[in-house]
Amino acid sequence: MRILLHMGDPYMIDNPCTKRMRAFREQFESHGHEVVILAPDTGSSEKAPGVVYCKTLPLKKKTSFYRLLNAGSFALQSIKEAKKTGSIDVVLTTCPPPLINLSGWVIARSKHAKLIYDVRDIWPDVALEMKSFSEKSIYCRVFAWIKKFMLKHADLVTAVSQGKVSKLSSEAGNKPVVYISNGFDRHFLDNQMNEELYGRLSLFPGFKCIYVGNLGLAQGLMQLLQIAERAQENNLNASFILYGSGAEEKQLKEYVIKQKIKNVHFEGRLPNKDMYTVLKAGDMSFVPLVNGNLKDSIPTKMYESLGSGCPVLLAAEGDSVKILRDTGYGIAVSPYREAELWEAFLKLYNRDEAVTEKKEYAVNLMKNKYSLDIWAKKLVEEAVQLCSE
């Protein structure tokens, strides 16, 4: 069987999309199938073997306009490049970005191939939940139409959480929607400790609360700053260390300066391989979502934190809470419940024994139950069955 993975993110960066696609590729190839990958080429010199690169306008700014240019240029170019890939049995197109999924459908039609619509975030639902735009906006109407079109024309729909499966099933009629979760990338444990970085981290005093990721609209990081502010007021020996950049970075830094919070440190962006060192050095990982509406979203950084043995303070509701409670290695609180978040932080700060004793159990659970490999293997089985129908 030949399967084409159609993805809107550069193949060599380390983000949830590429980790998922690489796991899919490994499992298909390990089962004797041939994989063709269509991915954007935004000018980087780093190329991966076996990837067909599609000339794509770079994402200069993270605005709706530039996102549309970026996704739209890849969508058009991928149709052109797909003509060179020969016969294909299955096309998997992943969302987001939703704009590329239409070209995935065009490619599948031109190849007379089965079409898998792989949903990591449901658009426009997730943008509405984050209050990024209104239901009456042109963006919402376009993305809602794309979702409806893909649910109608895909041969199989996959989704990364049980909540997304339920939501899509209610809209897909008799179309099968299969749970293919994100999960812990076992290759994360292949990273080596960065001794220089570890040394810098050791200079931060006391209990180390780590945040690694986007400083953006979906994270709700003001919750962490409020915890840090209260820790300072109570003279706790704790450091709050943030790695990343994003749309709210300036606002967060301004708040820290205005409130004279001395225990918060912005350390800039971090290579994915160095997340291993940071999480190993941390006493706690803060994993937030901006509000309780995102019940079917599971931040992938939670898998990496738990798999590294770093307990999690999760500010979220829904599917991600179920996973954390399964491990027992952390505490979940609904977003922006200030008093409850503070109490949860104090338990982790004081190294609550009911949590800390779960470390080994949580690490093994990430490897054996929540591994990306397990879910990628399930996808292979679904694709094989799809082609046999």
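**Entry 1: helices α1 and α16**

I looked up the handedness of the crossing between α1 and α16 in this predicted model. The two helices cross in a right-handed manner. I noted that α1 covers residues 16–30 and α16 covers residues 372–388. Their axes come within 8 Å and cross at roughly 60 degrees. The angle makes α1 oblique to α16. I then listed the residues that make the contact. From α1 they are Lys19, Arg20, Ala23, Phe24, Gln27 and Phe28. On the side of α16, I found Leu372, Asp373, Ala376, Lys377, Leu379, Val380 and Ala383.

**Entry 2: Cys140**

Is Cys140 buried or exposed? I found a relative accessibility of 6% for Cys140, so this residue counts as buried; the cut-off for buried is under 20%. Cys140 lies in helix α5, which comprises residues 138–153. Leaving out residues up to four places away in sequence, I recorded that Cys140 touches Pro124, Leu128, Phe133, Ser134 and Glu135. Finally, I looked up the separation of Cys140 and Lys83. They are 57 residues apart in sequence, and their C-alpha atoms are 31 Å apart in space.

Technical notes. Residues numbered from 1 in each chain as written. Predicted model: local features only at pLDDT ≥ 70, side-chain atom pairs only at ≥ 80, totals over all residues. Heavy atoms only, no water. Helix = DSSP H or I, 4+ residues; strand = E, 2+ residues; numbered from the N terminus. Buried < 20%, exposed > 50% of the residue type's maximum accessible area, 1.4 Å probe, protein only. Contact = heavy atoms within 4.5 Å. Axes fitted to C-alpha atoms, helices over the stretch in contact; angles between N-to-C directions. Parallel < 35°, antiparallel > 145°, perpendicular 65-115°, else oblique. Left-handed = near helix turned anticlockwise from the far one by under 90°.
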